[in-house]
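Q: Can you walk me through this one? I'd like to go feature by feature.
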Amino acid sequence: MTQFLQLLVGGLSLGAVYALLALGFVVVFRASGVVNFAHPALVLIGAYVTARLALPGSLPFVVALLCGVGAAVLAALAVQRLLVYPMAGKSIIAVSIMTIGVDIVANTEIIRRLGVDALLPMRDPWGNGVVHVAGLTVPQTRLAALTVAVALIAVIFAWFRFSIWGIAMRSVADDPPTAALMGVRRAAVAALAWTLAGVLAAVAGLFLTVFPTPGVAPVTAAAALRAFPAAIIGGLDSTSGAIVGGLIVGVAEVLTQGYADDLFLLGQGFHTVVPYVVMVAVLLVRPAGLFGTRELHRV
Amino acid sequence: MSDLAVTSTASRVPNAEGTSRSRRGRLGRAVKVLAGLTVAATVLVIPLYAERFWLQLAMFAFAAAVAALGLTVLTGQAGQLSLGHSFFVAVGAYGYTLLAADSGRGTVGVALPPVLASVLAVLLAGLAGLLFTPIAARLRGIYLGIATLGLVFGGQHLLFNAGGLSGGSNGRSVPDFAVPGFRFDTAVGETLFVFGVPFQRPEKLWYLGLAVTAAAYLVSRSIIRGRLGRALRAINHRELMAGVIGVPVTRYKGYAFLLSSMYAGLGGVLLAVAYGRIVPDTFGFDLAVAYLLMVVIGGLGSPGGAIVGAAFVTCLPAILERYADSVPGLALPGAEGISPAVAAKLAFGAAVIALLLFEPGGAAAVGGRIRKGVLRRVRRS
């Protein structure tokens with residue numbers, strides 16, 4: 001039971017990080033209709049800049065993190081302004097494939113910068129410290145991830161709900177032409193969505209590279225990729241779906257990893273595949289995801 | 001064979017075909033035939049002159065081209081994004097190996113004749129595609145792209161863990177291809193000489209790859225020009241309207257996925273033969289993205305473009321590595337500087353971005369424009 005609870009906390013914490021990623025992904029899709037395959041690249045850029053600047057004796061960690069967030073936001077805005085915006089009206093497949101090109105370029109460059117070790121430790125303030133709560137031993141990093149993610153998600157949802165920009169974003173997602181006719185600046189909304197995605201990617205990047213993972217490495221991109229099934233499980237156009245999808249993926253992954261000995265029949269390293277298995281199972285039953293808008297056409 | 005080359009210059013842009021055919025006239029046709037015959041003659045004599053390095057590289061390009069032809073039908077014509085193409089390539093490659101190899105230490109094999117094994121491997125890939133159609137046929141393009149990610153990661157997981165099939169992460173050697181009465185490997189003591197050139201494995205495989213690619217090209221072209229291709233373009237353009245005019249959307253999307261997975265299987269068989277030894281690491285996400293790069297660089301939906309794109313994506317890293325000394329800024333792995341593999345990846349990413357921004361038709365559109373320019377000049381003179 002203790003083990004289960006411990007894994008559950010770990011899973012929820014990882015799930016919250018995935019939820020941040022999936023949320024950024026969904027927000028971009030809703031605002032500009034693009035499936036942003038460069039999202040893992042934003043994660044890597046944010047984590048890389050944070051880790052590089054947080055070397056001992058240089059900037060304080062918080063400042064480094066802010067710089068990482070800034071770098072990811074700049075990259076996201078550059079992609080949106082220079083590449084996605086000029087492609088408006090082209091097929092969504094073409095734009096999405098273009099973001100794959102962006103992902104390749106950014107990924108290759110950062111992995112090259114990581115050098116021969118292909119590893120850059122994240123010098124975060126938590127290190128490998130643990131907290132004992134009610135008989136459970138939980139790494140500090142996991143608690144920090146959970147707290148930060150929940151706070152961020154709460155702020156963003158409140159902002160969607162109440163702020164004028166949040167309402168603008170929802171209206172664009174609902175019906176782009178009508179929103180434009182009502183005076184909503186779609187270009188500004190799209191830029192805002194990409195900014196948000198950059199912030200979320202950088203924060204998630206931090207928590208994907210702290211303890212228990214060794215640091216920024218090529219596998220970080222693979223971990224970030226698991227936010228895609230999270231977004232699909234929830235439904236690509238549903239923000240609350242992204243949260244649910246992220247939590248499902250995180251809990252499933254950590255539980256299969258924790259009980260790997262009992263699941264040895266499924267093979268080694270099954271936890272990295274679980275998100276995709278869950279996604280395929282969900283898609284079989286609901287082709288638009290759990291909370292996605294179902295398109296109804298009668299012919 | 002010359003048939004391939006004659007037609008290969010035609011219809012690089014399948015969507016625009018037929019509109020200007022009558023205007024092109026007899027002179028244009030003569031130029032086309034001439035150009036086609038030149039290409040055919042060139043590809044047929046290449047093994048007599050080219051070094052082994054190029055022939056071996058070409059076999060990989062042929063394998064990539066066959067798989068890319070399938071993806072260009074699925075993504076370019078039907079508008080269904082697939083990031084799982086490497087899974088079906090793996091099914092073809094491992095299917096062939098499993099069916100053609102003998103049982104060895106820790107590995108299973110059926111020891112069928114290679115021709116039968118490759119046909120069955122293609123059917124196996126088709127079956128795998130068919131099993132995924134409940135998802136593939138119902139999802140719209142972009143969702144499918146992410147859903148197929150699951151195939152790649154799931155498939156690779158299976159390969160790493162099914163040691164009897166794949167030999168685990170160390171890989172497994174692939175039996176050489178052979179047709180009854182003719183072997184495609186280097187047989188000691190019975191080397192075939194053609195015009196005084198010893199024909200060994202690379203030379204023989206060149207013709208095998210060429211023949212399979214030519215056949216795959218012709219089939220894909222006739223599919224694109226035929227009823228299925230038209231239906232898929234209608235679905236791509238607007239699913240609802242396609243349904244209204246009587247296209248069974250779900251069924252045809254399933255066909256496209258099935259077709260593309262069988263093409264991938266055939267490409268997998270060729271890839272396995274080209275490698276001679278296959279490891280599960282090969283068939284990952286990067287390979288799936290590579291196929292996508294090929295069809296985008298070649299021009300989405302164009303079979304000729306898919307072949308050009310496959311050649312480009314397959315050959316660029318090897319060529320950069322071979323000439324790393326003479327390219328400024330490049331360094332061999334281990335030395336300071338940008339390694340050829342990294343440089344090639346950056347080039348692919350940049351090429352895809354630039355092409356989609358400035359020339360979404362890819363190499364096919366560029367080629368089409370050059371061809372039109374040449375024809376105009378010929379006609380004027």
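A: One definition to start: a residue is buried if 20 or more other C-beta atoms lie within 10 Å of its own, exposed if 12 or fewer, and partly exposed in between, with C-beta atoms placed from the backbone. This is a predicted model, where local features need pLDDT of at least 70, side-chain atom pairs count only at pLDDT 80 or more, and totals for chains, interfaces and linings use all residues. Residues are numbered from 1 along each chain as its sequence is written, and chains are lettered from A and ligands numbered from 1 in the order in which they are written.

Q: Is B:Ala111 buried or exposed?
A: Exposed. B:Ala111 has 11 other C-beta atoms within 10 Å.

Q: What is its phi, for B:Ala111?
A: Near 60 degrees, a positive value in a residue other than glycine. B:Ala111 sits in the loop between α4 (85–100) and α5 of chain B. Helices here are DSSP runs of H or I with at least four residues, strands are runs of E with at least two, and both are numbered from the N terminus.

Q: Now the fold. How many helices and strands does chain B have?
A: Chain B has 15 helices and 6 strands. Its radius of gyration is 21 Å, close to the 21 Å from the globule rule for 381 residues, so chain B is as compact as a globular protein of that length. That radius is taken over C-alpha atoms, and the rule is 2.2 Å times the number of residues to the power 0.38. The C-alpha atoms of chain B fill a box of roughly 65 × 55 × 50 Å along the principal axes. Of the 381 residues, 48% count as buried.

Q: And chain A, how many helices and strands?
A: Chain A has 12 helices and 2 strands. From the N terminus, the order is α-α-α-α-β-β-α-α-α-α-α-α-α-α. The radius of gyration of chain A is 19 Å, close to the 19 Å that the globule rule gives for 299 residues, so chain A is as compact as a globular protein of that length. Its C-alpha box is roughly 55 × 50 × 35 Å along the principal axes. Buried residues make up 51% of chain A.

Q: What about confidence in chain A?
A: The average pLDDT is 89, and 99% of the residues score at least 70. pLDDT is the predictor's confidence in each residue, from 0 to 100. Within chain A, confidence is lowest in strand β1 (residues 130–133), with a mean of 84, and highest in helix α11 (residues 239–258), at 94.

Q: Interface next. How many residues of chain B are in contact with chain A?
A: 36 residues of chain B are in contact with 37 residues of chain A. Contact means that the C-beta atoms, placed from the backbone, lie within 7 Å.

Q: Which element of chain B gives the most to that side?
A: α6(B), with 12 residues. The elements of chain B supplying at least two residues each include α5 (114–136), α6 (141–161) and α14 (340–358). By class, that side of chain B has 24 nonpolar, 10 polar and 2 charged residues. Ala, Val, Leu, Ile, Met, Phe, Trp, Tyr, Cys and Pro count as nonpolar, Asp, Glu, Lys and Arg as charged, and the others, Gly among them, as polar.

Q: At what angle do α4(A) and α6(B) pack?
A: About 35 degrees, with the axes 9 Å apart. Axes are lines fitted to C-alpha atoms, for helices over the stretch in contact, and angles run from 0 to 180 degrees between N-to-C directions. A:Ile92, A:Ile93 and A:Ser96 of α4(A) make the contact with B:Gly141, B:Ile142 and B:Gly145 of α6(B). Those residues divide into 3 nonpolar, 3 polar and no charged.

Q: What comes just after α4(A)?
A: A:Gly115, with a positive phi of about 80 degrees. The helix α4(A) has 23 residues and reaches 33 Å from its first C-alpha to its last, close to the 33 Å expected at 1.5 Å a residue. The expected span is 1.5 Å times one less than the number of residues.

Q: How many residues of α12(B) are buried?
A: 12 of the 14, so α12(B) is largely enclosed by the rest of the structure. Among them are B:Leu287, B:Tyr291 and B:Met294. B:Gly299 follows α12(B), with a positive phi near 115 degrees.

Q: Which peptide bond is cis?
A: The one from A:Phe211 to A:Pro212, with omega near 10 degrees. A:Pro212 lies in the loop between α8 (186–209) and α9 (218–225) of chain A.

Conventions
Two residues are in contact if their C-beta atoms, placed from the backbone, lie within 7 Å.
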